[in-house]
Every structure is written in structure tokens, then in C-alpha cells.
Amino acid sequence: QWDAMKTYLDILARKELAVDQELWLIQKYLDSGHHQPAETKLASFQERHPDDSRGLLLDAWLEMMRGNLEVSLTKTQRYLEQDTNSAGGWRLKGRIHRLMDQPQQAIDALQRSKSITPDSSVRMELATLYSQSRQIEAAAGELNTGLTDPKAPQQLRLMLETLYRENKRYNDLKTFYTKTLEKFPEDT
């Protein structure tokens, strides 16, 4: 699947792209774990658009993926100084803190990201952090709130089920199953 993704991205990379499309392409290379083409494209982008701070954010993401967490955090901070309302910037900062085993800083940054753009994937990251910190109520709250979004991914529902099962919250699990059956009566 990732090889097919890379083939598709490589085809797109040969085309003339608008700035936003080029940034999307770099992001997709990073998403799929293809650091080398992301690095090459990012260097070219930053050379042609040195004042576009979004390149700095992608550079911070690349550094995180390389394991250079301190460098990544510094670049993310520089980016957030320019754009304090960037949900993506705060989310990246949360991920970096999580990798640095700084759960409270990760939670704070992800909460900030969620306050800017309420997103199911950020809620799932928060729920994971809360669960790891044994804050089960907070984890369940994030997931339950996420389920109110009609576009909530199925993974969110599965995370909540697992959370309840692993923590032996059988009454909550029974309620969860009842609500799920009511919402999806025909879905196996």
C-alpha cells in the first residue's frame, strides 16, 4: 500500500504544482514514511519560498521523524511564534512532547490544537495519552465527545470499546453497545 502511495506521489511530484499542492505533497510523503523525497521536495520549496512559514513546520515534522526531537521542538516553537493559532503546529508539538515522554506538555499542546480545530484524530491522541496516564475518565470523555461528530472514524469507536474492556468498565461497555446498536441497527 505504501509503495503504491509513493508511486502516485512520485507521479504528482513531476507535475507543476501550486504552493498549497506542493505542501500537501510533502506532507503526504511524510505521512507515508518516505523521508528522502520529502526532504528533497522540502529543500526545494524552502529555497523558492523562504518566507512561507509552513515550510518550517514541515521541516520540524521531518526532524521529528528522523528522531531529532530537540531540533524538531525548537523549529515547532519558532513556527508557533509566527502562527499561534495553528492547530497543526500545536498537534506536532504535542506529538514531540509525547515522544520525549513528557505527557503533561503533550496533553497541553494537543488540548490547544483541539481548541483551535476540534478533530477526531487529535481526540484519539489525547485519549491515548490520558489512558497511558491512567486518566480513564478523561480518555473516555474525549472518545465519547468525538463520537458526536457524524464523520467520526470507526477507529474512535473501537478505541472506546477497548478502553472500556481493558479497564473492566462493564456498565459503560453495555451502554456503549446499546447506543451503537441504536445508531447502526443494520451494520454488522
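A residue is called buried here when its relative accessible area is under 20%, exposed when it is over 50%, and partly exposed in between (1.4 Å probe, protein chains only). The model is a predicted one, so to speak of local features takes a pLDDT of at least 70 and side-chain atom pairs count only at pLDDT 80 or more, while totals for chains, interfaces and linings use all residues. Residues are numbered from 1 along each chain as its sequence is written, and side-chain values use heavy atoms, with hydrogens and water left out.

As for the overall build, the chain has eleven helices and zero strands, with helices (H or I, at least four residues) and strands (E, at least two) taken as DSSP runs and numbered from the N terminus. The C-alpha trace spans about 55 × 35 × 25 Å along its principal axes. Contact means heavy atoms within 4.5 Å; of the contacts between residues at least 6 apart in sequence, 44% join residues at least 24 apart.

Next comes the inside. A nonpolar core is a set of buried Ala, Val, Leu, Ile, Met, Phe, Trp, Tyr and Cys residues joined through side-chain atoms within 4.5 Å. The largest one holds 27 residues, and Ile26, Leu30, Leu58, Leu92 and Ile96 touch the most other members. Two or more residues each come from helix H1 (2-13), helix H2 (19-31), H3, helix H4 (54-66), helix H5 (69-82) and helix H6 (87-99). H4 gives the most, with seven residues. Apart from this core lies another, of 20 residues, including Tyr130, Ile136, Tyr164 and Leu173. In soluble globular proteins, nonpolar side chains tend to be buried together.

Two residues give a closer look. Leu42 is found in helix H3 (residues 35-48) and counts as buried because its relative accessible area is 2%. Beyond its neighbours within four places in sequence, Leu42 is in contact with Ile26, Gly55, Leu58, Asp59 and Leu62. Leu58, with residues up to four places away in sequence set aside, touches Leu42 in turn, along with Leu23, Ile26, Gln27 and Leu30. Tyr8 is 34 residues from Leu42 in sequence, and their C-alpha atoms are 18 Å apart in space.

Arg123 sits in helix H8 (residues 120-132). Despite its charge, Arg123 counts as buried, because its relative accessibility is 13%. Outside the four places on either side in sequence, Arg123 is in contact with Lys114, Pro118, Glu142, Thr145 and Gly146.
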